[in-house]
Amino acid sequence: MKQKQIQKSGTASGSTQSRVSDHFSVNAVAVAFSGNCLDLLREIPDKAIQLVVTSPPYNIGKEYERKLDLDTYIAQQAEIIRECSRVLSDTGSICWQVGNHVDKGKIVPLDAVLYPIFRDLGLVMRNRIVWHFEHGLHCSRRLSGRYETIIWFTRDTKDYVFNLDPIRVPQKYPGKKHFKGPKAGEYSCNPLGKNPGDVWDIPNVKSNHVEKTEHPCQFPVELIERLVLSMTHEGDWVLDPFMGVGSAVVAAVRHGRRGAGAEIVKRYAEIARDRIDLAMSGKLPVRPMGRPKYDPQAAGNKLTQSPWDSDAKTDAQLRLLQAVADYEV
Ligand SMILES: C[S@@+](CC[C@H](N)C(=O)[O-])C[C@H]1O[C@@H](n2cnc3c(N)ncnc32)[C@H](O)[C@@H]1O
């Protein structure tokens with residue numbers, strides 16, 4: 001029903017005119033605001049948003065940020081988070097995706113320092129999702145960082161929206177049956193799949209990713225699709241105050257939700273608008289949700305063979321070596 005209303009309020013499919021608005025209006029379908037997120041937030045009525053999902057700058061001196069002292073950074077984040085809480089619906093969610101702030105080799109986990117801001121606004125944490133990925137900088141004085149987190153908050157209510165079924169993943173043992181009791185012999189798993197858990201292994205967007213743009217750290221769309229599908233209904237608003245190239249809004253419009261975002265760098269805001277437009281007409285290439293990760297060894301990629309390992313072992317040899325190791329005392 002809401003989905004039909006959304007399609008009506010946009011221009012006809014295939015039109016060259018953009019269906020992406022510059023400013024927020026409750027009747028819009030998608031908004032790409034070029035400017036400071038606080039200015040976009042001021043345009044949004046109280047409780048209008050069902051899901052706020054974002055990845056703010058980490059204050060590490062990326063090309064789109066000016067490095068601030070940590071207290072100033074936290075105070076700026078607090079002001080934006082307060083506004084996000086104001087626009088959040090009573091059943092809505094805020095998902096803040098962060099990594100580490102790094103200063104002269106010392107790391108500060110941003111979820112830990114931002115947590116009190118959410119708590120002091122009366123929000124409660126529902127999950128701290130670990131997003132694991134394979135690619136990133138190689139560190140020599142500490143372990144290379146291969147995860148970031150998504151901290152998920154709602155209001156202190158039992159009525160927050162959470163739909164598990166659209167994000168279930170395949171069961172490991174779908175053929176498993178109850179072996180005793182009244183259901184003995186019946187399949188024991190949920191046929192729709194299992195809960196994906198709170199550790200998500202999703203490729204980050206690096207050079208050969210189908211969604212790669214010139215932005216240095218964009219969300220993979222599938223990461224946000226899980227949040228959109230489980231925490232919103234069709235027609236609801238999804239907001240990304242630090243939109244970058246618009247991946248969160250793309251995830252929203254791909255599933256019949258409305259999406260709004262702000263981006264301070266004009267060039268990124270333009271790319272966001274183009275991507276959202278393409279997504280609305282079903283033409284934006286994205287990595288599909290649930291596609292298994294590329295395994296270069298299984299795919300026979302020759303680069304997986306080590307040039308330094310002159311006596312490369314076969315699987316059978318490795319199993320024998322393993323057995324020896326198991327029995328040695
Ligand atoms: C970590 S990136 C987010 C990338 C985004 N998730 C994507 O998929 O493209 C943070 C973005 O916030 C933007 N930004 C920084 N301060 C901002 C502000 N006050 N208002 C709006 N955007 C801001 C930066 O230019 C940067 O593109």
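Colleague: Two strands pair if DSSP finds at least two bridges between them. With that in mind, which residue stands opposite Asn100 in strand 6?

Modeller: Pro109 is the residue opposite Asn100. Strand 5 (residues 100-103) and strand 6 (residues 106-109) run antiparallel and are joined by 4 bridges. Strands here are DSSP runs of E with at least two residues, helices are runs of H or I with at least four, and both are numbered from the N terminus.

Colleague: What sort of model is this, by the way?

Modeller: A predicted one, where local features need pLDDT of at least 70 and side-chain atom pairs count only at pLDDT 80 or more, while totals for chains, interfaces and linings use all residues. Residues are numbered from 1 along each chain as its sequence is written.

Colleague: Back to that hairpin: what does Lys104 do there?

Modeller: Lys104 takes a positive phi near 50° in the hairpin, which has 2 residues between strand 5 and strand 6.

Colleague: And overall, how many helices and strands does the chain have?

Modeller: There are 8 helices and 11 strands in the chain. An open sheet of mixed pairing takes in 9 strands, in the order 1-2-11-10-3-4-8-7-9.

Colleague: Which strands stand at the edges?

Modeller: Strand 1 (20-21) and strand 9 (199-201) do. Each has a single partner strand, so one side of each has no neighbour in the sheet.

Colleague: What about strand 10 and strand 11, parallel or antiparallel?

Modeller: Parallel, with 4 bridges between strand 10 (residues 237-240) and strand 11 (residues 258-263). Asp240 has Gly261 of strand 11 as its bridge partner.

Colleague: Which helix packs on the sheet against strand 10?

Modeller: That's helix 5 (residues 221-231), which also touches strand 3 (49-54), strand 4 (88-98), strand 7 (123-132) and strand 9. Its direction makes about 160° with that of strand 3; such angles run from 0 to 180 degrees between N-to-C directions, with axes fitted to C-alpha atoms, for helices over the stretch in contact.

Colleague: What counts as buried?

Modeller: A residue with 20 or more other C-beta atoms within 10 Å of its own is buried, one with 12 or fewer is exposed, and those in between are partly exposed, with C-beta atoms placed from the backbone. By that rule, 30% of the 329 residues in the chain are buried. Arg258 is one of them, with 27 other C-beta atoms within 10 Å. Arg258 sits in strand 11, and its C-alpha atom is 8.2 Å from that of Glu234.

Colleague: Switching topic: which residues does Ala248 contact?

Modeller: Beyond neighbours within four places in sequence, the contacts of Ala248 include Val53, Phe219, Ile224, Val238, Asp240 and Gly261. A contact means C-beta atoms, placed from the backbone, within 7 Å.

Colleague: Last one: how do helix 3 and helix 4 cross?

Modeller: The axes of helix 3 (residues 70-87) and helix 4 (residues 110-120) come within 10 Å and cross at roughly 35°. Ile74, Gln77, Ala78 and Ile81 of helix 3 meet Val113, Leu114, Ile117 and Phe118 of helix 4.

Colleague: Nice! And where does helix 7 lie?

Modeller: Helix 7 (residues 266-280) lies across strand 1, strand 2 (30-34) and strand 11, at about 170° to strand 2.

Methods:
Contact = placed C-beta atoms within 7 Å.
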